[in-house]
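Student: I would like to go through this model term by term. Each time a label is used, I will ask what it rests on.

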Amino acid sequence: DLESHLQRCQQLSVTVLTDHQDLNNTELKTILNSTAPQQYRIRAKLRTYKPQKLYQSIKLHCSKCNSLREVPDGDDFDLILQGSAVTSPNPELHNTSWYDSVMWTTQDQKQRKIAIHFVKHDEMLQQPEDTLLMIEGGTVKEVWKLTKRFKCVIPVRSTEDDLELVDLSAPFLLQGNIKYYGCKHCSTPKPIKSLSSIAAEQRPSWEPTEIAQVLGIELLQYVFIMKFTLVDGTGALNAYLFDY
């Protein structure tokens, strides 16, 4: 894995970090005093790298405002779902022309009310592996159970007039084991009924980019970021790795 590879790099006295066999080696001091962009070949030691844990290298990036944010953990998601479950599902928003709804009360002490809305196509429910559904009042565990059976799951809550997305700190869409997030600054969330335009398509594919677009969400991309500090005795250079 990358972590043990980096540790081995640190143990070596000198490591060749870039190729460019046609170029002579350049001291880091010279590079630091040069104007970019230039192409160099260096011989240097890897002094440090960040982050220390590989999973911390994964961030969420908005290509519109260029912001970076940490990937929230499951506990954050659970708290947001618990907060949205305080509002009971509004029965007046159930069973519309483009989705069928099922509602029940849990048997535990909290007696939560859960509603699931199955989006229809041509007035028919699709096969589970092709179905998008929306859930109100569910826990993280219940949401993940649904993602194993259905193509897409969107956590929602009721208002007086329509269903709406929960806080954009949470994923607005889950597909398989992937959580999709929207940028809080660049998104202008639209009512959930905007999804009916995709349901009306000849073959709804429920692609995350299309769902994000109709819901007014600026989709965040997962990026891999690392910082390396290189030294050769003449100076120290920070090198950044940034990739989708």
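Student: Where is Ser 57 placed?

Tutor: Ser 57 sits in the loop that lies between β2 (43–50) and β3 (58–61). Helices (H or I, at least four residues) and strands (E, at least two) are DSSP runs, numbered from the N terminus. This is a predicted model, in which local features need pLDDT of at least 70, side-chain atom pairs count only at pLDDT 80 or more, and totals for chains, interfaces and linings use all residues. Residues are numbered from 1 along each chain as its sequence is written, and side-chain values use heavy atoms, with hydrogens and water left out.

Student: Why does Ser 57 count as buried?

Tutor: Buried means under 20% relative accessible area, exposed over 50%, and partly exposed in between (1.4 Å probe, protein chains only). Ser 57 has 0% relative accessibility, so it counts as buried.

Student: What does Ser 57 touch, not counting residues up to four places away in sequence?

Tutor: Contact means heavy atoms within 4.5 Å. On that basis Ser 57 touches Pro 51, Val 223, Phe 224, Ile 225 and Met 226.

Student: What makes β13 and β14 a pair?

Tutor: Two strands pair if DSSP finds at least two bridges between them. Strands β13 (residues 221–231) and β14 (residues 236–243) are joined by eight bridges and run antiparallel. Lys 227, for instance, stands opposite Tyr 240 in β14. The hairpin of β13 and β14 has four residues between the strands, and Gly 233 takes a positive phi near 95 degrees there.

Student: Which strands pair with β6?

Tutor: Strand β5 (residues 99–105) pairs with β6 in the antiparallel sense over seven bridges, with Thr 105 opposite Lys 113 in β6. Four bridges join β6 to β8, again antiparallel, and there Ala 115 stands opposite Glu 136 in β8. Strand β7 (residues 124–125) pairs with β6 in the antiparallel sense over two bridges. β6 and β7 form a hairpin with two residues between them, and Asp 122 in the turn has a positive phi of about 55 degrees.

Student: How do you know that the buried residues of α4 line one face of the helix?

Tutor: The buried residues of α4 (residues 140–149) are Val 140, Val 143, Leu 146 and Thr 147. Seen down the axis of α4, they fall within an arc of 125 degrees, so they line one face. The arc is that of the directions from the helix axis to the C-beta atoms. The face turned away from the buried side of α4 carries the exposed residues Lys 141, Lys 145, Lys 148 and Arg 149. Among the elements covering the buried residues of α4 are α3 (74–84), β9 (152–158) and β11 (173–175).

Student: What puts the buried residues of α3 on the same side?

Tutor: In α3 the buried residues are Phe 77, Ile 80, Leu 81 and Ser 84. They cover an arc of only 100 degrees around the axis, which puts them on the same side of α3. These buried residues pack against α4, β9 and β11, whereas the face turned away from them carries the exposed residues Asp 75 and Leu 79.

Student: What makes a set of residues a nonpolar core?

Tutor: It is a set of buried Ala, Val, Leu, Ile, Met, Phe, Trp, Tyr and Cys residues joined through side-chain atoms within 4.5 Å. The largest one here has 26 residues, of which Met 134, Ile 154, Phe 172, Leu 195 and Ile 211 touch the most other members. β8, β9, β10 (163–165), α5 (196–199) and α6 (208–214) each supply at least two residues of this core. A second, separate core of 16 residues includes Phe 77, Ile 80, Val 140 and Val 143.

Student: Which domains does the assignment give?

Tutor: The assignment, automatic or from a database, gives domain 1 (25–64 + 223–238) and domain 2 (76–217). Their centres, taken over C-alpha atoms, are separated by 42 Å.
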